[in-house]
Amino acid sequence: MKTKTETRTALVKLRVTPAEKEAIIAKANAQAQTVTDFIRQRALDYRLRQTHLEKEHVRQLARIGANLNQLARWVNIHKERAEVIDVLVALASLERELRGTPPPPEHEDSSCI
């Protein structure tokens, strides 16, 4: 915002209806602010809505979280039958999704596992 060396010399004009003006004044008063400070704060501190890409990332994280919860539940229910390798493979898959890296190539010989 404003530093000590800056003075506000630029003017921004805004046309509103009389009803909008009254609503802005009421909201500014409710916040114990001047109309100018209220509008300045709302305009400069406002976070824009999420972009399509951000929304898609949130959806992907939610799906990954759901998969992780299902995996944890399965392991807790079937403790005696849980195969460590299967659990590790599933966790590695989730980690790759989080990092956005492709899965490793499939090997014909799985004797090293």
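Mentor: Please bear in mind throughout that the model is predicted.

Trainee: Which helix holds Ala90, and what C-alpha distance separates Ala90 from Leu68?

Mentor: Ala90 belongs to helix α4, which covers residues 84-99. Along the chain, Ala90 and Leu68 are 22 residues apart.

Trainee: What percentage of the residues in the protein is buried?

Mentor: A residue must have under 20% relative accessible area to count as buried. The protein has 113 residues, and the buried share of them is 6%.

Trainee: What share of the contacts with a separation of 6 or more comes from residues 24 or more positions apart?

Mentor: Contact here means heavy atoms within 4.5 Å. Among contacts in the protein with a separation of 6 or more, residues 24 or more positions apart account for 28%.

Trainee: How are α1 and α2 oriented to each other?

Mentor: Two packed helices are described by the angle between their axes and the distance between the axes. For α1 (residues 18-30) and α2 (residues 35-44), the axes come within 9 Å and cross at roughly 90°. Angles of 65 to 115 degrees fall in one class, and α1 and α2 are therefore roughly perpendicular.

Trainee: Which residues of α2 make the contact with α1?

Mentor: On the α1 side, the contact is made by Ile24, Ile25, Lys27 and Ala28. The residues of the contact divide into six nonpolar, no polar and one charged. On the α2 side, the contributors are Val35, Phe38 and Ile39.

Trainee: Is Phe38 buried or exposed?

Mentor: Phe38 lies in helix α2. Leaving aside neighbours within four places in sequence, Phe38 is in contact with Ile24, Lys27, Ala28, Gln31 and Gln33. Lys27 is 11 residues from Phe38 in sequence, with a C-alpha to C-alpha distance of 8.1 Å. The relative accessibility of Phe38 is 12%, so Phe38 counts as buried.

Trainee: What is the relative accessible area of Ile39?

Mentor: Ile39 also lies in helix α2. Ile24 is 15 residues away from Ile39 in sequence and 8.2 Å away in space, C-alpha to C-alpha. Ile39 is partly exposed, its relative accessible area being 34%.

Trainee: What is the phi value of Ala32?

Mentor: Ala32 is placed in the loop between α1 and α2. With 73% relative accessibility, Ala32 counts as exposed. Most residues other than glycine have a negative phi. Ala32 is a residue other than glycine with a positive phi, near 55°.

Trainee: What is the volume of the largest pocket, and how do its lining residues divide by type?

Mentor: The volume of the largest pocket is about 400 Å³. Its lining consists of Arg8, Thr9, Ala10, Leu11, Val12, Leu14, Val35, Thr36, Ile39, Arg40, Ala43 and Leu44. By type, these residues divide into eight nonpolar, two polar and two charged.

Conventions
Residues are numbered from 1 along each chain as its sequence is written. This is a predicted model: local features need pLDDT of at least 70, side-chain atom pairs count only at pLDDT 80 or more; totals for chains, interfaces and linings use all residues. Side-chain values use heavy atoms; hydrogens and water are left out. On a 1 Å grid over the protein atoms alone, a cavity is a set of points where a 1.4 Å probe fits but cannot get out, and a pocket is an open set with protein on both sides within 12 Å along at least five of seven lines; lining residues have an atom within 4 Å of a point. Grid points are joined across faces, edges and corners, and a volume is the space filled by probe spheres set on the points. Ala, Val, Leu, Ile, Met, Phe, Trp, Tyr, Cys and Pro count as nonpolar, Asp, Glu, Lys and Arg as charged, and the others, Gly among them, as polar. Axes are lines fitted to C-alpha atoms, for helices over the stretch in contact, and angles run from 0 to 180 degrees between N-to-C directions. Helices (H or I, at least four residues) and strands (E, at least two) are DSSP runs, numbered from the N terminus. Angles under 35 degrees count as roughly parallel, over 145 as roughly antiparallel, 65 to 115 as roughly perpendicular and the rest as oblique. Buried means under 20% relative accessible area, exposed over 50%, partly exposed in between (1.4 Å probe, protein chains only).
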